[in-house]
Amino acid sequence: MNITELLNLAQNKSEENVNQTMLAKALGVTRQTINNRIRNNSEITISELMKFQDFLGIKIFNDDEDTILVDYYPDVFASCGNGALLFSEEKEAVSINRSFFKNIYPSRKYSMICAKGDSMYPFINDRDKLLVEHSENNQIMDNKIYVFCYKSEIYVKRLSRNLDEIIIKSDNPDYGTRIIEGEDIQDLDIIGQIVGIVRNI
């Protein structure tokens, strides 16, 4: 869910005029930060939603709305940096409110892993939990964020396909763009697309 959608939903639930300034105060940021996030179509995290609900004194989502159960792998990290190895496959079940995330389908497989590093900042922070919709093939939608395995390491980056090459991009400008081409493309396996970010489970 992006900021504009959140503000519209909050306006429908509130008796007062909900605006960007109120969201900025609730999150402890400037209004310019909120404007920049709207321009970048930035997603709202669950922890930010909770802060905004507390600030407004309303429930934007009801507790009885549909939830999905996903496998959370607390010891599996996808690198938002220079690569991270899969540490373990221990998992626990967590319940996620379906209405918070766009396009969550009961027929598809989801899991949650941890982000490591800062190359996807400000969209993804170090230690964020990433909701992953698993892919059944290596199809790439340009400029979406994916979790993928490349040469035995797990990464989370924006991917684009250009003829016979795959472009790997970070949101943090301190990190460069990488290109995988030729036979090396066979070493890249898409695990899934990031469809949600959770902070402070």
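The side chains of Glu48 and Arg37 form a salt bridge, with N and O 2.8 Å apart. Glu48 belongs to helix α4 (residues 46-56) and Arg37 to helix α3 (residues 31-39), so the bridge ties together parts that are eleven residues apart in sequence. Both partners are buried: Glu48 is, and so is Arg37.

This is a predicted model. The structure holds three salt bridges in total. Side chains of opposite charge can pair when their charged atoms come close.

## The other two salt bridges

Asp187 pairs with Lys151, and their closest N and O atoms are 3.1 Å apart. Two loops are linked here. Asp187 sits in the loop between β8 (178-181) and β9 (188-198). Lys151 sits in the loop between β5 (144-150) and β6 (153-162). The two residues are 36 residues apart, so this is a link between distant parts of the chain. Asp187 has 34% relative accessibility and therefore counts as partly exposed. Lys151, at 47%, is also partly exposed.

Asp171 and Arg158 make another salt bridge, at 2.6 Å from N to O. Asp171 lies in the loop between β7 (165-169) and β8, while Arg158 lies in strand β6. The partners are 13 residues apart, and the pair links distant parts of the chain. Which of these two residues is buried? Arg158 is, with a relative accessible area of 18%. The cut-off for buried is under 20%. Asp171 has 23% relative accessibility, so it counts as partly exposed.

## Overall layout

The protein has four helices and nine strands. Their order along the sequence is α-α-α-α-β-β-β-β-β-β-β-β-β. Of the 201 residues, 46% count as buried.

Contacts reach across the sequence. Take those between residues at least 6 apart: 62% of them join residues at least 24 apart.

## Helix α2 and its ends

Helix α2 (residues 20-27) is mostly covered. Six of its eight residues are buried. They are Gln20, Met22, Leu23, Ala24, Ala26 and Leu27. An α-helix has 3.6 residues a turn, so residues three or four places apart point the same way.

What caps the N-terminal end of α2? Asn19 does. One of the side-chain oxygens of the structure, that of Asn19, lies 3.1 Å from the backbone nitrogen of Thr21. Just after the helix, Gly28 takes a positive phi of about 70 degrees.

Strand β4 (residues 129-134) has five of its six residues buried, so it is largely enclosed by the rest of the structure. Which strands does β4 pair with? Strand β3 (residues 110-116) pairs with β4 in the antiparallel sense, over five bridges. Within this pairing, Tyr110 stands opposite Glu133 of β4. β4 also pairs with β9, again antiparallel, over six bridges. Here Leu131 has Gly196 in β9 as its bridge partner.

Strand β9 is mostly covered too, with nine of its eleven residues buried. β9 also runs antiparallel to β5, and five bridges join them. Val147 has Gly192 in β9 as its bridge partner.

## Confidence in the model

The average pLDDT is 82. Of the residues, 84% score at least 70. Which elements mark the ends of the range? Strand β7 has the highest mean pLDDT, at 95. Strand β2 (residues 92-97) has the lowest, at 71. Where pLDDT is low, the predicted coordinates should not be read in detail.

Technical notes:
Residues are numbered from 1 along each chain as its sequence is written. This is a predicted model: local features need pLDDT of at least 70, side-chain atom pairs count only at pLDDT 80 or more; totals for chains, interfaces and linings use all residues. Side-chain values use heavy atoms; hydrogens and water are left out. A salt bridge is a side-chain nitrogen of Lys or Arg within 4 Å of a carboxyl oxygen of Asp or Glu. Buried means under 20% relative accessible area, exposed over 50%, partly exposed in between (1.4 Å probe, protein chains only). pLDDT is the predictor's confidence in each residue, from 0 to 100. Two strands pair if DSSP finds at least two bridges between them. Contact means heavy atoms within 4.5 Å. A polar contact is a pair of N or O atoms within 3.5 Å; within protein, one must be able to donate a hydrogen and the other to accept it, and residues adjacent in sequence count only if both atoms are side-chain atoms.
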